[in-house]
Amino acid sequence: MKRTAITPDKISFLQRVHIDGWLLLGLLVLSGVGLVTLYSASGQDMGQMQRQFTRLAVSFVVMAVLAQLPPGFYRRLSPIAFVGGLLMLVAVLLFGDMGKGAQRWLDLGFIRFQPSELMKLAVPMMVAWYISKFTLPPRTHHIALGFIMVVVPTVLIAKQPDLGTSLLIASSGVFAIFLAGMSWKLISLVGALVGAFAPIMWFFLMKDYQKQRVLTFLNPESDPLGSGYHIIQSQIAIGSGGVDGKGWLQGTQSQLEFLPERHTDFIFSVFSEEFGLTGVIVLLAIYLYIIMRGLIISSRAQDAFSKLLGGSITLTFFVYVFVNMGMVSGLLPVVGVPLPLVSYGGTSMVTLMAGFGILMSIATQKRLISR
Amino acid sequence: MHRKRQAIRDHTAEANLFARRATIAFIIVTAMLGIVLNNLYSLQVTQHDDYQTRSNGNRIKVLPVAPNRGLIYDRNGVLLAENRPVFSLEVIPEKVDDIEDTLARLTSLMAITEEELTRFESNLKGTRRFKPVVLRTELSEKEVATFSASKHKFKGVQIEARLARHYPYKETLTHVLGYVARINKRDLQKLVEAGQEDNYAATYDIGKLGIEKYHEETLHGTVGYQQVEVNNQGRIIRVLNVDPPTPGKDIVLNIDLSLQQEAQRILEDTRGAVVITEVKTGGVLALYSNPSYDPNLFVHGISSKNYSALLNSPDRPLINRATQGQYSPASTVKPHLALLGLEDGVVTEDYSIKDNGRYRLPNVSHVWRDWKRWGHGEVDIAKAIEVSCDIYYYDLAYNLGIDKISEAMQEFGFGDYTGIDLYEESNANMPSRGWKRARFNQPWYIGDTIPVGIGQSFWTATPIQLTHSINTLVNRGERYIPQIIRGYKESNGVDDLIPLKTSRPIQINDPKNLDIVLNAMHDVVHGEEGTARFAFADTPYESAGKTGTAQLFTVAQDEKYDEDEVDERLRDNALYVGFAPFDNPEISITVVLENAGGGSSNAAPVARKLMDFYFRGRTFETVNVDSESEE
């Protein structure tokens, strides 16, 4: 697809191929920024660049393909995807492959697959499907059932353990319920319940290394060479970047490898070090633009399922951004959440773009339905 | 919000509800990104300076650069201690594809021992992969050449050169130069106490002995620094800034290498020491202690086998006999005692005694004997020196008393360090009443005083003390502290000389008294009955001196009783002190030979040979020996 295609006067063409030009513009600009940053963060590793570029291309293709399917298809798919995903999550816990101390992978013989990635989409689909069956705002017992649909996969994934993904999945379901119009009274009540749930999570569900992360987050300087090292080095990278940054490829924290995981979860630190606060503001603006566009698309959607799913996908995208930036800058504990479309890595990117594919389907297919 | 459930959905209301919720969500999203931005602002603007500093602290390391050690030359500019590149074979693990194969091929190239391989394997484990690991040290030139020729076949293997001290004259100068060796824990502690640990941050070796130790500060120089950028593993990425080190000063010694070599050659297998100084400056021309050892052994870490061989050798090669050997000075101190007697007035030039070979005190049954069984007959002070009459000195010591002797001889430096620039110096012992009380808790007996007259009875001296005392006599009371260092080598080729060091001179009341003593020493060499007349027969130059023969004292007091060696080790120590030319003295010589026998027949010929060597090729006005001795 040529860039020249993304002009207002060609929107009708984009409409025909079910692509939302404004959203695509945001995603392409973000991917471009991501590649530029990765070139620096990978230490000018062309191999990594190539692999990331391939992944991006595949992801955009996935997005374009999924955009061709009407929202009604996704609505009908929701229960199947959710139940299938849930079964696979159980299967992972029982027979899954170990990787880096966590059980996340399911080996289907021809492909290794993370069911939790499927659930990132299946959970908001299921919740949106279920809630949109009834009139909005949803009634309390619908909300309660909706929460169960969220909690079950969340707990299964947290047990793998994969705190980052379970967090993303929980929020995606909760966003759908919130957007459906769950009453503020109920929201306060659930908030209180979650507050009460926190200690249970701490004592029964979190593994030691996860607890350690939280403790480190609370006081990184307590163990500057051990578990606090990541966050301290990351803050040094960001802080030393200043307003203007050290310049592309000039970040000493990243180029001299003081920064751990610099091309994956901590790539935002590289970006902040090299481009400074100025670059950070620009990057935040791009993300905010994409989120805004996603919410506009969702608001314009014709049916409740599309609205809820579109809004949930968009807000989950925000959670990626917020959690990643929050954790590398010391605002949140370190949970493995990548910076969308910038961090090096495959699986989550495909899922993310699949979500945007659904969003584009919602954006472009409504008129065909109404016609 | 209470709504009735309706069969027909109110799409507009639902759309509005969603739009409201989406707007709220967007506001929350914006607010939360605002929190992120605020946090980043705090890091990047408010705390920027702090993080900038910490970032620099991460990447910028200041590495010390060792200064080159100053070289050591002899007085004629001969290099005595040099810095030589030593080559070691190093392997950088990350650059080697197959370590086993590389090692196997290297072994076929040069003889790498099992020990080296074992050490390499263990070092390999504890080192970062980009840091070189030493495989073999001190490569021979041939090995360097062989490897260099096939270097391209060994990826990741390199030869590293480091400057290390080398002493080309080996054992000839060990007791003068000493040596450097790797800084150990104790050295480090001393450096810390002296606040010098930073200056030695990059230094490998430190002076452990001799001149290397005494003049360590001068020779070492000042550390330099280079500011480098490193990565998280400490690998140097680039050099940012260099503050070069100041090399140590090159020093010039008073030592004359050829004279030193001659002393070594003449002593051969005899245990003993030779000290030759420039009389008028105290400069040490030669200082040789036999046996010696190769100091280069210590530079690269001596093997325990070699070290214990040196340590346990009955010949005690590690001891510097010239400055640490404590010998009874025997008759070599008779000139000093004679001067004391004359100055004090207990004897005069004309005073004489009748020597029949025996000396006894009233009410004391003990008989002290002369070395000559029948005595020397009528002996005045001059003859007492020339023939080394013991009886005269028993009498003199008796008349002076221990207190006067002890005090006066201490003024000559006996019982005290000379201050030569070597830490390996003993103060030996000048006995006194107080000393004996402290040492043995016994009073001083009159019987103790008598043998003091012939330089025995608890009296010990080091060869350097003897030299110092003879120089004091020759310089008429002026005292120049023996110094090995002469000055600093300057780039313009002219040595920057160090001012002479002196100590409090000895007051001589009547210069004539000193002349009597010096003339008598002249007669020791040139007189008809002089004890050194055979040793110095027909020298082209005129000299003066004094022989000495000390009974049964060796340097080692804790030596084991060894039947096979007992006879040899019980023989007398032979001593000689002398100076030349007599008219205008240039050099003084002290010779001490352990268990060699009499001073006249053993030590004096050694001194003669050294003087001959020193004055070789020089012509002297012929002098009438007889007329000199008549005076």
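Reply: Helices (H or I, at least four residues) and strands (E, at least two) are DSSP runs, numbered from the N terminus. This is a predicted model, in which local features need pLDDT of at least 70, side-chain atom pairs count only at pLDDT 80 or more, and totals for chains, interfaces and linings use all residues. Residues are numbered from 1 along each chain as its sequence is written, while chains are lettered from A and ligands numbered from 1 in the order in which they are written.

Me: Between which two helices of chain B does B:Ser331 lie?

Reply: The UniProt annotation "active site", from an unreviewed entry, covers B:Ser331; UniProt positions are given in the numbering used here, feature names are shortened, and annotations may be inferred rather than shown by experiment. In chain B, this residue belongs to the loop between helix 13 (321-324) and helix 14 (334-344).

Me: Is B:Ser331 buried or exposed, and why?

Reply: A residue is buried if 20 or more other C-beta atoms lie within 10 Å of its own, exposed if 12 or fewer, and partly exposed in between, with C-beta atoms placed from the backbone. Because B:Ser331 has 31 other C-beta atoms within 10 Å, it counts as buried.

Me: Which residues does B:Ser331 touch, not counting residues up to four places away in sequence?

Reply: Two residues are in contact if their C-beta atoms, placed from the backbone, lie within 7 Å. With residues up to four places away in sequence left out, B:Ser331 touches B:Ser388, B:Ile454, B:Gly455, B:Lys546, B:Thr547, B:Gly548 and B:Thr549.

Me: Which helix of chain B gives the most to the side that touches chain A?

Reply: The contact between the chains takes 41 residues from chain A and 37 residues from chain B. On the side of chain B, the elements that give two or more residues are helix 1 (11-46) and helix 2 (48-59). With 20 residues, the one that gives the most is helix 1 of chain B.

Me: How many residues of domain 2 of chain B are in contact with domain 1 of chain B?

Reply: The domain assignment of chain B, whose bounds come from an automatic or database domain assignment, gives domain 1 (63-252) and domain 2 (258-630). Taken over C-alpha atoms, the centres of these two domains are separated by 44 Å. Where the domains touch, 31 residues of domain 1 of chain B meet residues of domain 2 of chain B, which number 28.
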